[in-house]
Amino acid sequence: MRTDPLHSHTEAGPGQPKPPHFGRTVLDDLHQADLPRTLREDFRAIYDFYLDPETRRELSQMDQGQRWFHLTGWVLKSSVLKLSPNRRLMLLAAALFLVLGIIGYPPGLWIAILVLLLILMLELKDKLLAQDELEAGRAVQFALLPSNHPRLPGWETWLFTRPANEVGGDLVDYLPLDDRRLGLAVGDVAGKGLGAALVMAKLQATLRALAPDQQALDGLGRRVNEIFCRDGLPNRFVSLAYLVLEAGSGHVRMLNAGHLPPLIVRRTALEEPAKGGAAIGLHGTACYTEQAMDLAPGDLLVVYSDGLTEARNEGGAFFGDERLRLMLPHLRDLPVAEAGRLLLAEVERFVGEARPHDDLSLLLLKRVESDPAPLPVNGTVRLASPHRAP
C-alpha cells in the first residue's frame, strides 16, 4: 500500500508513531499564536483564487453591503463550477435535501450533512495526493539546484532562490567551464508551480549540456532558443541571464535573453547594462548579442528575478526598482553573503505578513583581489522556505 511520510493513510503498526490525538490537536490549533494572521491569509487566498481581476474591479466600486453580498455569491458560484461534474451533482443533491429538511423532512438534514462530508473527504483526498506529488517534486528540485556557492579567484559569489509555492520556476545554477572560467545562470520561467519547475529543469539540463562547448554566448542563446521553440509549450517562455567569469579578472561576459538587466554597483555610480534579446522560447527567429562588463575591485554585480522588485506587501504595494536602487550602494562594501542577507531582510520587512506572489532569485558577484584557489567540483544553492527567506 502506498504511504507518504507526511500524510500516512495506513494504521500505525509496531514501531510506527501513533496518530495524533484529535482533541489535543484541536486545542493546539486554537492556541496558535498566529491564528488571526493565518485566517486573514486564507481569506485573501480565497479572494485571489476564486475571483478574476474584472470581478475584483467590480467589487471595488460597490459599497460595503453590496460588496459582501456579491462577493459571497460569486465565490460560491466559482467554487461550485470548479468541482468535478459528479461532485457538483452531489452538492446540488445536498442542497435539495437541506431544503427538504428545513420544510419538514427531518432525515433530509442528516442526508445533506453526510453528502457534504463525503464531498469534503473526496476533496481532501485529492489535495493530499497532490501534496504528495509536490513534495516529491520539491525533493527533486532540491537535488537539481546548487547546495553551495561557487568559488573563483578574484570573485565572491552568493546565490539564493525561494519559490512562492512548494516548487518554483526560477533557476540559479553554476557550471565550471574549465580551471579558469565559471558560468552562472539566473532564469525565470513564465508562471509558477509544477509546470514552471519542469521547464526550469529542462533549461538547466540544456545549459549544462551546451554551455561548455559554446565559446560565443550569442550562439549559445540561439541554440537554447531553437531547442525551446522546437520542444516548448505555447506561452511558456523563459528569461535568462547567463554570465561567464574569468579567474583573477574583472571581465564579465553576459547573455541576456529577456531577463531584467543586472545592476552594477560601483564606488561612485549605479550602472545598468543595455537590455538583451527576446526571452527563450518566445519566437524561433530571435537574435542575441553577447554583452561585456568590466568590474573594478570592490564593484558589486546584482542579478535578480522580478520576484524581488515585484514583492508585494499586504496593501498590494510593490517593493519596486527605486527602493532596490536606493539600498544597493549601502551594500557595496559588505561581503556578498552579508549584502544578500540584508537585501532579503529588507524585502521581508517590506512584505510583512503577506505571502510571496512570485519566485525570488538572486545572484551577487563582487570583484575582489585574492590568491588563486581551485574551483570546486560541479555542485548541485538550496531552496529557501517557500514562504520566508533564511
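How many disulfides does the structure hold? In this predicted model, the number of disulfides is zero. Two cysteines illustrate the range of surroundings. C287 is exposed, its relative accessible area being 62%, whereas C229 counts as partly exposed, at 32% relative accessibility.

Two open sheets are described here, beginning with the one in which five strands follow the order β2-β3-β4-β5-β8 with antiparallel pairing. The edges of this sheet are formed by β2 (170-176) and β8 (291-294); each has a single partner strand, so one side of each is left without a neighbour in the sheet. From one strand to the next, the twist averages 20°. Within the sheet, β4 (residues 238-246) and β5 (residues 251-257) are joined in the antiparallel sense over five bridges, and A241 stands opposite N256 of β5. Helix α7 (residues 193-210) packs on this sheet, where it touches β2, β3 (181-189) and β4. The direction of α7 makes about 15° with that of β2.

In soluble globular proteins, nonpolar side chains tend to be buried together. The largest nonpolar core of the model comprises 27 residues, of which L203, L207, L220, V224, L240, Y242 and I280 touch the most other members. Two or more residues of this core are contributed by each of β2, β3, α7, α8 (217-231), β4 and β5. Helix α7 supplies the largest share, namely six residues. The surroundings of L203 can be listed in detail: leaving aside neighbours within four places in sequence, L203 is in contact with L171, G187, V224, F228, V238 and L240. Of these partners, V224 and L240 are also listed among the core residues that touch the most other members. Another core lies apart from the largest one and holds 26 residues, among them F319, L328, V347 and V351.

The other open sheet also has five strands, in the order β1-β10-β9-β6-β7, and its pairing is antiparallel. Its edge strands are β1 (155-162) and β7 (270-271), each of which pairs on one side only. Strand β1 pairs with β10 (residues 360-367) in the antiparallel sense over eight bridges.

Conventions:
Residues are numbered from 1 along each chain as its sequence is written. This is a predicted model: local features need pLDDT of at least 70, side-chain atom pairs count only at pLDDT 80 or more; totals for chains, interfaces and linings use all residues. Side-chain values use heavy atoms; hydrogens and water are left out. A disulfide is a pair of cysteine sulfur atoms within 2.5 Å. Buried means under 20% relative accessible area, exposed over 50%, partly exposed in between (1.4 Å probe, protein chains only). Two strands pair if DSSP finds at least two bridges between them. Helices (H or I, at least four residues) and strands (E, at least two) are DSSP runs, numbered from the N terminus. Axes are lines fitted to C-alpha atoms, for helices over the stretch in contact, and angles run from 0 to 180 degrees between N-to-C directions. Contact means heavy atoms within 4.5 Å. A nonpolar core is a set of buried Ala, Val, Leu, Ile, Met, Phe, Trp, Tyr and Cys residues joined through side-chain atoms within 4.5 Å.
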